[in-house]
Amino acid sequence: MEYLIRFAQVHESFRLPEIKALATLAGVDLEVVFYDQFSPYCIINLENEAAARSLIARSILAKDIFELWGQGTNYEEVHADVRRRTAHRWSGYKDVSFRFTVECFAGKRRLSSKRDIIQSFAYLDFQGPIQLKDPDEDFWVMEDYVSDVESVHVGKDRPPQDESQEPKRIYFGRWLADSSREIVNKYDLKKRRYISTTSMDAELSLVTANMALAAPGKLFFDPFVGTGSFCVAAAHFGALTMGSDIDGRSFRGKDRGDGKPMGLTMNFQQYGLESKFMDAFSSDLTHTPLRDFQFLDGIICDPPYGVREGLRVLGTRDGRAKEPVLIDGVPAHILPGYIPPKKPYGFEALQNDILSFAARTLVPGGRLSMWMPTAGQDEVELAIPMHANLEVVSVSVQPFNNWARRLITYRRLPEGEFSDITFRRQKGDEQGVNADELNEFRRKYFAKKQDKKGPKSGEGKAS
């Protein structure tokens with residue numbers, strides 16, 4: 001049976017992958033009949049109403065879902081389609097309270113026009129009371145004024161149509177259920193007790209947790225935990241969470257001396273999720289104390305990009321151990337506040353190490369959802385890192401002014417199955433000594449910014 005999803009007009013390339021991930025999590029068969037990133041309306045096929053409610057319940061980027069009663073390019077087609085699909089069901093809604101809503105996307109209607117549209121459905125012969133608040137049944141007429149051709153050129157920035165324009169597509173449906181989009185406000189970073197400049201915003205943190213299929217009974221890990229945004233999101237959906245970071249100060253916070261929780265623990269306490277947080281520890285991915293066996297259900301992370309400063313990993317530049325430093329006769333490395341030495345680290349090597357770690361520790365079917373930067377639209381995109389034991393499930397892009405970042409979701413393949421890694425990124429951790437030599441994205445990022453600024457005063461180009 002066909003259902004209509006009404007999406008929010010944000011993060012368009014994330015919307016369909018999130019719905020597909022939720023279908024996998026709910027164990028429902030999903031067929032996408034129609035989707036256009038410039039339209040909020042998506043038609044899907046599902047087995048029944050229960051599947052529709054289960055699918056939409058956790059979505060962050062969808063608003064709600066409807067049972068599709070009819071569609072067309074004009075109202076004559078819509079009414080004919082409604083009669084064809086649902087005439088045998090009208091008697092079941094004859095005596096219930098109901099409400100009609102008319103929505104216009106990228107267009108507008110006068111109130112009188114909306115009343116005329118509602119009256120055109122009088123043949124349904126509903127005899128129950130009209131109830132504007134909490135009706136038994138809620139019917140929607142949804143007009144879409146953006147055509148496929150126009151969307152290519154104007155997209156979501158297209159100004160609303162005037163009253164003389166007609167919609168390009170019209171849908172009529174019975175409202176079924178809301179999504180979980182309202183929880184974005186609950187986890188808004190502006191209301192959170194402990195954050196930093198690199199904390200991932202609540203909306204995308206929750207979407208990332210959905211992509212990775214966070215759920216009760218699962219164990220999730222963030223190897224770059226920071227202030228815990230991803231762990232909080234996964235915990236909201238019921239998963240047990242833990243994390244690590246090369247700099248323990250990022251998740252410990254400052255000691256206030258009052259004995260109260262500090263750092264990211266404050267966030268779990270704020271949302272009543274303490275039981276879903278196991279612990280966080282200081283480590284980098286190449287020197288992790290975690291055992292190499294398949295025990296994680298999900299890994300969600302936003303690795304450092306190494307733009308503001310070069311990436312670092314534990315160790316020394318020459319690879320040799322140093323003599324322990326003594327402070328008052330005590331080895332410095334066992335004293336509180338000790339910061340171990342670090343060496344330059346390649347961005348490509350970092351991503352390859354993340355994939356290798358995921359391949360070793362994810363259970364079959366477990367997921368890795370990892371953010372990575374990519375060049376702007378006028379640049380050649382950085383290759384997607386691949387691993388023979390990991391299948392790329394989806395790639396979604398969030399554009400910025402002069403660069404973009406992608407959320408890449410992988411699935412751990414069962415033993416004996418392998419993915420095609422012909423086009424994988426093969427660059428390892430070269431023996432470079434500066435950040436630009438080890439990080440292609442950092443080099444392109446600053447080169448592009450310099451190009452936009454142009455030559456400084458007194459400087460000129462060589463002829």
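Reader: So helices (H or I, at least four residues) and strands (E, at least two) are DSSP runs, numbered from the N terminus. How many helices and strands does the protein have?

Author: There are 13 helices and 18 strands. Keep in mind that this is a predicted model, where local features need pLDDT of at least 70, side-chain atom pairs count only at pLDDT 80 or more, and totals for chains, interfaces and linings use all residues. Residues are numbered from 1 along each chain as its sequence is written, and side-chain values use heavy atoms, with hydrogens and water left out.

Reader: Fine. What share of the protein is buried?

Author: Of the 463 residues, 50% are buried. Buried means under 20% relative accessible area, exposed means over 50%, and partly exposed is in between (1.4 Å probe, protein chains only).

Reader: Ok, the core. Which residues touch the most other members of the largest one?

Author: L296 and L368, in a nonpolar core of 65 residues. Helix α11 (residues 347-361) gives the largest share of this core, seven residues. Both domain 1 (2-180) and domain 2 (187-448) put in at least three residues each; those bounds come from an automatic or database domain assignment. A core here is a set of buried Ala, Val, Leu, Ile, Met, Phe, Trp, Tyr and Cys residues joined through side-chain atoms within 4.5 Å.

Reader: And what does L368 touch?

Author: Leaving out residues up to four places away in sequence, its partners include I299, C301, I354, L355 and Y410. There's also a second, separate core of 30 residues, with Y93 and F105 among them.

Reader: Switching to α8. How many of its residues are buried?

Author: Seven of the eight in α8 (residues 229-236). Among them are F230, C231 and V232. Their cover includes α7 (202-211), β9 (240-245) and β11 (296-301), going by contacts, meaning heavy atoms within 4.5 Å. Just after α8, G238 has a positive phi of about 105°.

Reader: Salt bridges next. How many are there?

Author: The count is 19, a salt bridge being a side-chain nitrogen of Lys or Arg within 4 Å of a carboxyl oxygen of Asp or Glu. One of them pairs E49 with R174, with the closest N and O atoms 3.3 Å apart. E49 is in helix α2 (residues 49-56) and R174 in strand β7 (residues 169-178), so the bridge ties together parts 125 residues apart in sequence.

Reader: Is R174 buried or exposed?

Author: R174 is buried, at 7% relative accessibility, whereas E49 is partly exposed at 24%.

Reader: What about R89, which residue does it bridge to?

Author: R89 bridges to E67, with the closest N and O atoms 2.9 Å apart. R89 sits in the loop between α3 (75-86) and β5 (98-105), while E67 is in strand β4 (residues 62-72), 22 residues apart. E67 is buried, at 2% relative accessibility.

Reader: And R84 with D81, how far apart are the closest N and O atoms?

Author: They're 2.5 Å apart. The two residues are three apart in helix α3, so about one helical turn separates them. R84 is exposed at 60%, but D81 is buried at 9%.

Reader: Which residues do shared partners join into one network?

Author: E49, R53, E67, R89, E137 and R174.
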